[in-house]
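Let's take a walk through this protein together. Have a look at the sequence and the model, and then we'll go through a few spots one by one.

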Amino acid sequence: MKRMTALLNGAALVLILNLFALNALLSNTALAADVEYRLPSSVTPTFQSIHLDIDPDKPNYSGTTDIEVTVNTPTKRVGFYQHDLSIISAALLQGDEVLSLDVTQSDFDINWGAAETLIEPGKYTLQITFEGKVNTSSDGMYLSRFEDSNYIFTQFEDMHARKAFPSFDEPIFKIPYQMTISAPAHQVVVSNTPVETETVSDGVKTVTFEKTKPMPTYLIAYTVGPFDSTEMEGLSVPGRIYVPKGYVDKTKFVIKHTPEILASLEDFFGIKYPYKKLDFVAVPNFTHGAMENVGLITYRDSLLLLADNPSVTERSAPLNVIAHELAHQWFGNLVTMAWWDDLWLNEAFASWAASHTMKELYPELNYADRLVQEGAFGADASPTVKPVKKVVKRQPDVMDGLGLNYSKGESILQMIESLIGTENFRKGVRNYMKTHSWGNTVADDLWRALDGVSDFNLSAMMKAYLEQPGYPVIHITDGGKVTQSRFHYAGASVEEQTWAIPLKLTYQVNNEIKSEIVFIDKTTTVLPQLAEADWVYPNDNATGYFRWSVPQKQLDNLLANIDALNKREKKNVLYNYQALLNADEVGVDSVMKVLNTLSGDDDPAVTIAAVGVLQEFDYLVNDNNDEAYAALLNKTYMPLLDALTLNQQDTDSSDVIRLRNQLYGLLGMYADSEMLVKKSEKLAKQYIADTTSVPSGIAATAIAIATKNSAKENSEKWFADLLGAFKKAQLPNVKRTLLYSMRFDDKELVFKMLDLALTDNVTPANALYMVTRVARNLDDHTLLYQWLNENKEALLKKMPDYHVSSMPEYVSSTCSVENLNMANAFYADIMSKHEGMSRGVEIMQDESQQCLRLKDAFQQDFDNFLASYQS
């Protein structure tokens, strides 16, 4: 057990941090000011009722809505949001008086209802009649066709409620809603709250739901279709799972574990689940993983429709996503951000709480070993990256860098927890929830709550991480000199910044290991206690959000004493030196020295990290060195796989299973092993015949290896057999394994795979994924862009807006000049026509140029390393 003592680095730091906090408090007054891209404060809503006439078998629908509003200052117009709706009529009602409104559209989806006379302050009802078309993508209110039946689903986060009905579609307007839906009598209709009344007349069922608690529009949800459902027993409120007809028997695993997850979160927050019911819905066509709608959480069907007892690795994602969405019922729903610039408040905390729950309830899944920050460091190192808290005007602004809201946000919360302790963290969160329940907040509200249970000025420290892009790299040099600068990859140019960084130091002096916490806030700091250290490790338990380096002698001593570190810290050393290589601060030899030390570690979690780092060099593998790389893999890593075998045992831990899958994938793609190809063909055929006979992780790799190495005359049969098995399969995860694991590179089959993206076999939400899989299977993207140029209209029309804007970075990021030129030519003609796509192109270009810079910098070193390894 390491003994931690806190050392504050001088009174100057405290003064600086307090000044930062004061400036932040003063700047918050700007949040209340009216801005062009939001509705003005002159009119505010207090309640909205919505009545929709929906038939899943018809493309159009109609509706009316009454919005009770307060006019706060005299005005001649009332604003509201709508997108692609036809407004039939709009009027303001006050008693018997009716003020007709002339509606015109403006920027940012704002519509203005203008009156002929001045609207005096007071209470009114804004009444709007409208019509719309059901979206066939997967945002707003949309149609999903599944096994010959139509279903209506909703996805309103972040700015999509306005696509379904007129509203004050901002999170700050947190009001009660009441939903009424008329639909064909045979359809099941579900919404956020329990049913208040239900009537049937002339084959039409009209369902009025109870009023909701105060909530923002993005959490409204409803669904219409021929669902089956089953009860979730053991919850603190009534709950059901709704699934497409015929699939209710696939929900047993979720029903078993949801009650314990909910109970754990209720205990953590010290507040019972705050709504009247808790329903889940399995959605066959879903852009994202899940959505935390109040009382009606929607999930990708693959997360709810599972085998009765999925394997230890296959259960990890469903349980974690359920914990994440349930955590949102408090963080995001009960307490809501004021505007989308603080979306990280929702997502970071839900991610942290989900990880905490997973560690508490399911230690066998090893969430305690995850280094969350590694999922953020890559994107956050880009010179074009934006801060987590940034200006948000339009929907693409919300989605720009969305992943950092989760990964970087959770990393920052984890760093706070490590500084103040889990119990203090829990106390601060409980205070925050009780203070702001049913209201809206900004980030500073959370920081103040955590400051109240801490000896540190957390608010000032954390603002630097969230309101600046990027993160620091710490250099510890001789004499205890510590410098900080903004981390960036080789060749990139970034603006210099500084942070107040908590260094949780572990170091050895005269054979004695010492520990302490030191805050550094300047470009250069001297820590005399490190001057005589044999080795220094500056990131106790690997919770810091920074990179670091030490002199070569200290690194050698640290590696010689590597067992003084725990598994998280060992992984951090490895990932850290890989990052320093990418920054051109160390050479390939330094990384390989760390890699060789840790690849033989007794803990499979550490070996997984070592194999993962080796895989990151695949961009340097080419026709000139592939034989040498294969020799390295066969000599060093094939024995590890042989020892594990390809047979998964019931007694295998999750880390052993992951290590086996990772080794199999690496060796199958690069080891040029005829034996492994033959084993893969056998396993792939076995899985096609019986999808329960081979674990999905092994099956996916087997299919990839078998199809990649198949002779041309056999490839057609592989494709036909896999597609046939896909059409027969029921479980979504099985379907995914069969369809998306194929790796072909001949023109006919590449085009057949891409054509699937336009068929009903692939949902709109998965169309981009299909194209991305093909792109990543091809070294040369000529065939990809040939197909895209012929089919871009159909593909872009099918995909949801978010996927259209992000398509460049997912499909087209490359480490080839030729591929990059083709990408630039393709997007040049279309990016101005699609909102947000130009930002996706910018990210794609930056990632591609970065990879090309790294290849230029390290290709020769990598080749020399492989040559020296063979000699």
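## A sulfur link

Start with C815 and C851: these two cysteines form a disulfide, with 2.0 Å between their sulfur atoms. Keep in mind that you're looking at a predicted model. The count of disulfides here comes to one.

The link of C815 and C851 has a handedness too: the angle about the S-S bond is -100°, and the link is left-handed. Which parts of the chain does the pair join? C815 sits in the loop between α26 and α27 (817–828), while C851 belongs to helix α28 (residues 837–870).

## Helices α25 and α26

Now on to a pair of helices. When two helices pack, we describe them by the angle between their axes and the distance between the axes. For helix α25 (residues 782–798) and helix α26 (residues 801–812), the axes come within 14 Å and cross at roughly 160°. Angles over 145 degrees count as roughly antiparallel, so that's what α25 is to α26. Their crossing is right-handed.

Who does the touching? On the α25 side, look for L784, Y785, L788, L795 and L796; on the α26 side, for V804, M807, V811 and S812. Sort the residues of this contact by type and you get eight nonpolar, one polar and no charged.

## Helices α8 and α11

Here's another helix pair to find in the model: helix α8 (residues 402–420) and helix α11 (residues 458–467). Their axes cross at roughly 155° and come within 11 Å. That makes α8 and α11 roughly antiparallel to each other, and the crossing of α8 and α11 is right-handed.

From α8, the contact uses K408, I412, M415, I416, L419 and I420. From α11, L458, M461, M462, Y465 and L466 take part. How do the residues of this contact divide by type? There are ten nonpolar, no polar and one charged in the contact of α8 with α11.

Finally, zoom out to the whole chain.

Technical notes:
Residues numbered from 1 in each chain as written. Predicted model: local features only at pLDDT ≥ 70, side-chain atom pairs only at ≥ 80, totals over all residues. Heavy atoms only, no water. Axes fitted to C-alpha atoms, helices over the stretch in contact; angles between N-to-C directions. Helix = DSSP H or I, 4+ residues; strand = E, 2+ residues; numbered from the N terminus. Parallel < 35°, antiparallel > 145°, perpendicular 65-115°, else oblique. Left-handed = near helix turned anticlockwise from the far one by under 90°. Contact = heavy atoms within 4.5 Å. Nonpolar A, V, L, I, M, F, W, Y, C, P; charged D, E, K, R; others polar. Disulfide = S-S within 2.5 Å.
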